[in-house]
Amino acid sequence: MLWHPHTMRFATLVTVALLLTPLWGQPQRHVVIVDLDGVRRDLLDTPYLAGRMPQLERLFGSSAAGQGFSRALYFEQATTVAPSVTMSGQASLYTGAYPGAHGVPGDTWFDRDQGVGVDYFTSAGVTCVFDFPLFGASGCGGGLANRNLNSSTLYEWASLAGVSSVVVYNPYWKGATHAILPSVLDALALLQSGTQDFEYFDRDMAARAIAELREHGRPDLLTLYFVGADLAGHAAGTRATMDYLSRVVDPLLGTFFDALDQIDPDWQSNTLFVFSSDHGRTDTSATPELRLAMNWR
Ligand SMILES: [Zn+2]
């Protein structure tokens, strides 16, 4: 069994869709984790059921007449961890542990052992997360957030079971057979608020994933990390998240499926797709108190 028992608890956060084909007894079996950052369950359901994600219908089944998920298994009760922020939630997805156990209690936190503050979303922080020491930063080797983990990752468990893994652009890849990391410019795009910036991140991620598969074949486990939906939500709210899923993520998924058609014509019968997110999003109006709280640093 691929999954560490505790991992499923968090791997089901928003929607888990399985391609409902025989899962056992196949000569090959592949798992693709599609990690959609900051996508509350209904933010994926709404554009899908409205027919605005036609590529996703290739996996989940037709959304005609507002019905969907005919080819998918769907978890309704899954929830995120606290705090419901990216670096804690992503760590829980790939360790199966709560933040108090895996060691990443937030996007920013104070490391009492080292006596230093940790902030993953500064220029130096985000590049350090992706193994690149900018501005003389130290402690970036292997990725800053990976180094902060106290728990084993899914990839380490997979490796012990002889299962190969490739992680594309996710901030956590400890133990993976191979990690494809964003360029410094792609990493810095995570700090920008322009739509083009996070589109570049996701487009580059998908292109490099496809290039990897063309060059080296399919790994047993592949993680695709789409960050743009969360950043679109930060910039313009949940409607923007849904628009982004429809306009950018769905066509990129289509490109990926088309590439699989060429690389492995049997992919639809030998692949388990897992869709999940790290946390959701709630629209609020920016009160003066909220502005004050958000600008505390
Ligand atoms: Zn997130």
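1. The model under review is a predicted one. Directly after α4 comes Gly96, whose phi is positive at about 75°.

2. As to the overall make-up, the protein chain contains 14 helices and seven strands. It has 297 residues, of which 42% count as buried. Where contacts have a separation of 6 or more, 67% of them are accounted for by residues 24 or more positions apart.

3. The sheet deserves attention next. Five strands make up an open sheet with parallel pairing, in the order β5-β4-β6-β1-β7. The edges are held by β5 (178-180) and β7 (271-276); each has a single partner strand, so one side of each is left without a neighbour in the sheet. From one strand to the next, the twist averages 15°.

4. Within that sheet, strand β1 (residues 30-36) runs parallel to β6 and is joined to it by six bridges. Asp35 has Tyr225 of β6 standing opposite.

5. Helix α10 covers residues 195-216, and its 22 residues reach 32 Å from the first C-alpha to the last, close to the 32 Å expected at 1.5 Å a residue. Its buried residues include Phe198, Phe201, Asp202, Met205, Ala206 and Ala209. Viewed down the axis of α10, the buried residues fall within an arc of 120°, so they line one face of the helix. The face turned away from the buried side carries Gln196, Ala211, Arg214 and Glu215, which are exposed. Just beyond α10, Gly217 has a positive phi of about 80°.

6. What covers the buried residues of α10? The cover includes strands β4 (165-168) and β6 (221-226), together with helices α9 (184-189), α11 (228-236) and α12 (238-263).

7. The packing of α10 with α12 may be described separately. The two helices pack at an angle of about 5°, and their axes are 10 Å apart. An angle under 35 degrees counts as roughly parallel, and α10 and α12 are therefore roughly parallel to each other. On the α10 side, the residues making the contact include Glu199, Arg203, Ile210 and Leu213, and on the α12 side they include Val248, Leu252, Phe256 and Ile263.

8. Most residues other than glycine have a negative phi, and most peptide bonds are trans. A cis peptide bond, with omega of about 0°, joins Ala82 and Pro83. Pro83 is located in the loop between α3 (54-60) and α4.

9. Phe69 also lies in the loop between α3 and α4. Although Phe69 is not a glycine, its phi is positive, at about 60°. With 17 other C-beta atoms within 10 Å, Phe69 is partly exposed.

10. Asp131 is found in the loop between α6 (123-129) and α7 (144-148). Its phi is positive, at about 75°, although Asp131 is not a glycine. Asp131 has 18 C-beta neighbours inside 10 Å and counts as partly exposed.

Methods: Residues are numbered from 1 along each chain as its sequence is written. This is a predicted model: local features need pLDDT of at least 70, side-chain atom pairs count only at pLDDT 80 or more; totals for chains, interfaces and linings use all residues. Helices (H or I, at least four residues) and strands (E, at least two) are DSSP runs, numbered from the N terminus. A residue is buried if 20 or more other C-beta atoms lie within 10 Å of its own, exposed if 12 or fewer, and partly exposed in between; C-beta atoms are placed from the backbone. Two residues are in contact if their C-beta atoms, placed from the backbone, lie within 7 Å. The expected span of a helix is 1.5 Å times one less than its number of residues. The arc is that of the directions from the helix axis to the C-beta atoms. Two strands pair if DSSP finds at least two bridges between them. Axes are lines fitted to C-alpha atoms, for helices over the stretch in contact, and angles run from 0 to 180 degrees between N-to-C directions. Angles under 35 degrees count as roughly parallel, over 145 as roughly antiparallel, 65 to 115 as roughly perpendicular and the rest as oblique.
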